[in-house]
Amino acid sequence: MKKIIVLILAFTQTIVYAQQKKVKDNFNVQIRLEKGDLNKDGLIDKTVIMMDTIDTAVPLRLQIFFLQPNKKFKMAFSSTDVIEPQYVNGVHTKNTIPYFFY
């Protein structure tokens, strides 16, 4: 009997913990990827715009990566406030997603 009670309590605890997990950001769709020399160091840098498809406002995230001399990209900037979301208060803003060029 004690084993059954312990098993039920453990199972209940697992269910409660699993339902508390919430995905904060789910930027899973790449909208734009542009490459060019942003900081004039002779190395090709890149900008990436990603879209969060789970959030109802459909926010966009801009990330800027600088190429290091060891050929690895280092994130220099990341923000969700630079580009206005596609839907504000449930209404489509009719704004186009910008192109970035160097």
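Modeller: Happy to. Strand S3 (residues 60-67) and strand S4 (residues 73-79) pair in the antiparallel sense, over 6 bridges. Two strands pair if DSSP finds at least two bridges between them. Strands themselves are DSSP runs of E with at least two residues, helices are runs of H or I with at least four residues, and both are numbered from the N terminus.

Colleague: Before we go on, what kind of model is this?

Modeller: This is a predicted model: local features need pLDDT of at least 70, side-chain atom pairs count only at pLDDT 80 or more, and totals for chains, interfaces and linings use all residues. Residues are numbered from 1 along each chain as its sequence is written, and side-chain values use heavy atoms, with hydrogens and water left out.

Colleague: What else does Lys74 touch?

Modeller: Not counting residues up to four places away in sequence, Lys74 touches Ile64, Phe65, Phe66 and Gln68. Contact here means heavy atoms within 4.5 Å. For Ile64, which is 10 residues from Lys74 along the chain, the C-alpha atoms of the two are separated by 8.5 Å.

Colleague: And is Lys74 buried or exposed?

Modeller: Lys74 counts as exposed because its relative accessibility is 53%. The cut-offs are under 20% relative accessible area for buried, over 50% for exposed, and partly exposed in between, with a 1.4 Å probe and protein chains only.

Colleague: What about the turn of that hairpin?

Modeller: The hairpin of S3 and S4 has 5 residues between the strands, and Lys71 takes a positive phi near 70° there. Lys71 is a residue other than glycine with a positive phi, and it counts as exposed because its relative accessibility is 60%.

Colleague: Which other residue has a positive phi without being glycine?

Modeller: Lys40 has one, near 55°. Lys40 is found in the loop between strand S1 (27-36) and S2, and it counts as exposed because its relative accessibility is 72%.

Colleague: Where does Leu38 sit?

Modeller: Leu38 also lies in the loop between S1 and S2. With a relative accessible area of 32%, Leu38 is partly exposed. The C-alpha atoms of Leu38 and Phe65 are separated by 9.4 Å, although the two residues are 27 apart along the chain.

Colleague: How do S1, S2 and S3 go together?

Modeller: S1 and S2 pair in the antiparallel sense over 8 bridges, and Phe27 has Asp52 as its bridge partner in S2. S2 and S3 are antiparallel as well, paired over 6 bridges. There, Val48 has Gln63 in S3 as its bridge partner.

Colleague: How covered is S2?

Modeller: S2 is mostly covered, with 7 of its 8 residues buried.

Colleague: Then tell me about the core. Which residues make up the largest one?

Modeller: The largest nonpolar core has 7 residues in all: Ile49, Met51, Val58, Leu60, Leu62, Ile83 and Ile97. Strand S2 (45-52) and S3 each supply at least two residues of this core. A nonpolar core is a set of buried Ala, Val, Leu, Ile, Met, Phe, Trp, Tyr and Cys residues joined through side-chain atoms within 4.5 Å. In soluble globular proteins, nonpolar side chains tend to be buried together.

Colleague: What does Ile97 contact?

Modeller: Leaving aside neighbours within four places in sequence, Ile97 is in contact with Ile31, Arg32, Ile49, Met51, Leu60 and Gln86.

Colleague: Changing topic, which rings does Lys46 lie over?

Modeller: Lys46 lies over the face of Phe65, at 5.4 Å from the ring centre, and over the face of Phe73, at 4.6 Å from the ring centre. A charge sits over a ring if NZ of Lys or CZ of Arg is within 6 Å of the ring centre and within 35 degrees of the ring normal.

Colleague: Last one: what's the overall layout?

Modeller: The protein chain has 1 helix and 6 strands, in the order α-β-β-β-β-β-β from the N terminus on. Buried residues make up 24% of its 102 residues.
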